[in-house]
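Let's go through this one as a run of quick questions. Have a look at the fold first, then read on.

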Amino acid sequence: MLAAQFSSFGRPDAVIELIEQPDPGEPGPGEVSVDAELFPINPADLLNLEGKYGATQPNLPMIPGAEGVGRIAKVGAGVSHVKPGDRVLLPGPGTWRARVKAPAKAVFALPEGIDPKQLAMLRVNPPTAWLMLHDYVAPKPGQWLVQNAANSGVGHCLIRLAREAGAKSVNVVRRAELAEPLRAAGADVVLTDGPDLDARVRAAIGGGALPLAIDAVGGSGTQRLARCVDDGGTVVNYGALSGEPCMLDVRETIFRDVSLRGFWLRRWFMQTPPEKIAALYRDLAPRLGDGRLTVEVEAVYPIRRIKEALAHAGRGGRSGKILVSFGAA
Ligand SMILES: NC(=O)c1ccc[n+]([C@@H]2O[C@H](COP(=O)([O-])OP(=O)(O)OC[C@H]3O[C@@H](n4cnc5c(N)ncnc54)[C@H](OP(=O)(O)O)[C@@H]3O)[C@@H](O)[C@H]2O)c1
């Protein structure tokens, strides 16, 4: 059985290796085995391979991957809520392998009729956007939020979910050519990042309330978003795409009472009962089917070309996500 693993940290396409692993075998009581179909390559995967992800370093060798989609291959004794053939989210972490055996409680049947490429991206980005939108400053109709890296998978989800909640979004990007496609995706305002961002945001929203900023960039990008929020507003940081620590000036923290919070989906998984997690996915999944949360895919690579897939995922200026297929989808 094929799996992708790495044994040292470094450039993702250089350190990843394809290996043959023994089949995990028959599922025991209360277990299932799942055949992987597709997984996306996320920025967190690239950072993981570079040794730059998380508060501590993982033990190596490691099979990476936080998400993906597959079908139930076999179920063990006593498992009745899923059956062979059901499409499920891949139990993780370690999803970059052809077959996995896992406790049955880790999986639930996904609705049929939804593009598996979209389902492969359900586990991480849609709930991240949903929770950041609803768990810090609950959106009120007519209010604004501002986000950077708005062209990302999370960014696209946030644009749609904000609109669904009646809120309006200012979307900050680093390439002016993204304005049109993002407006077509539902963005109210699209601006390119720059030192005068706050003035341009204020001009764009008139006297509107802007209590929430969502930051994937870190570094000085955090400060530029913080200047945009109202006094007493909140900046939620969830990524460090710049590779720099978040900067926040005392003009914001002391004199304007702006707070900086952090969001990590894995912490939410650890703190949330499984039934509540499954309920959020059941709520979000139909939005992938009817287009409300679809995210563009730029390329799908077969697993044997994982190195090319990783190199492609690491390049900026993409029009969508990079997926890897085990050939079943
Ligand atoms: N904390 C959590 O639990 C959590 C969960 C999910 C995702 N994340 C984080 O969310 C971020 C987005 O993930 P994703 O999967 O949505 O990304 P993605 O779809 O792969 O897109 C990456 C985006 O990042 C932008 N970007 C890259 N480097 C940048 C920089 N230095 N400055 C500004 N923008 C930059 C790209 O802009 P261009 O289009 O211009 O290249 C692109 O829009 C990542 O940092 C990821 O680690 C965090």
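Q: Where does Ala 213 sit, and is Ala 213 buried or exposed?
A: Ala 213 is in strand S10 (residues 212-215); strands (E, at least two residues) and helices (H or I, at least four) are DSSP runs, numbered from the N terminus. This is a predicted model, where local features need pLDDT of at least 70, side-chain atom pairs count only at pLDDT 80 or more, and totals for chains, interfaces and linings use all residues. Residues are numbered from 1 along each chain as its sequence is written, and side-chain values use heavy atoms, with hydrogens and water left out. With a relative accessible area of 0%, Ala 213 counts as buried (under 20%; exposed is over 50%, partly exposed in between; 1.4 Å probe, protein chains only).

Q: How far is Ala 213 from Leu 133 in space, C-alpha to C-alpha?
A: Along the sequence, Ala 213 and Leu 133 are 80 residues apart. Leu 133 is one of the buried residues of H4.

Q: Why is H4 largely enclosed by the rest of the structure?
A: The buried residues here include Pro 126, Trp 130 and Met 132. H4 is largely enclosed because, of its 10 residues, the number buried is nine.

Q: Which helices give two or more residues to the shell around the ligand, and how much of the ligand does the protein bury?
A: A backbone N or O atom of Gly 317 lies 2.6 Å from an oxygen atom of the ligand, a polar contact (a pair of N or O atoms within 3.5 Å; within protein, one must be able to donate a hydrogen and the other to accept it, and residues adjacent in sequence count only if both atoms are side-chain atoms). The helices in question are H2 (43-50), H4 (125-134) and H5 (153-164). Taken alone, the ligand exposes 930 Å² (Shrake-Rupley method, 1.4 Å probe; for residues, only the protein chains shown count as cover). The share buried by the protein is 87%.

Q: Which residue has a positive phi of about 55°, although it is not a glycine?
A: Most residues other than glycine have a negative phi. The residue asked for is in the loop between H9 and strand S12 (259-262), and is exposed, with a relative accessible area of 51%. That residue is Asp 257.
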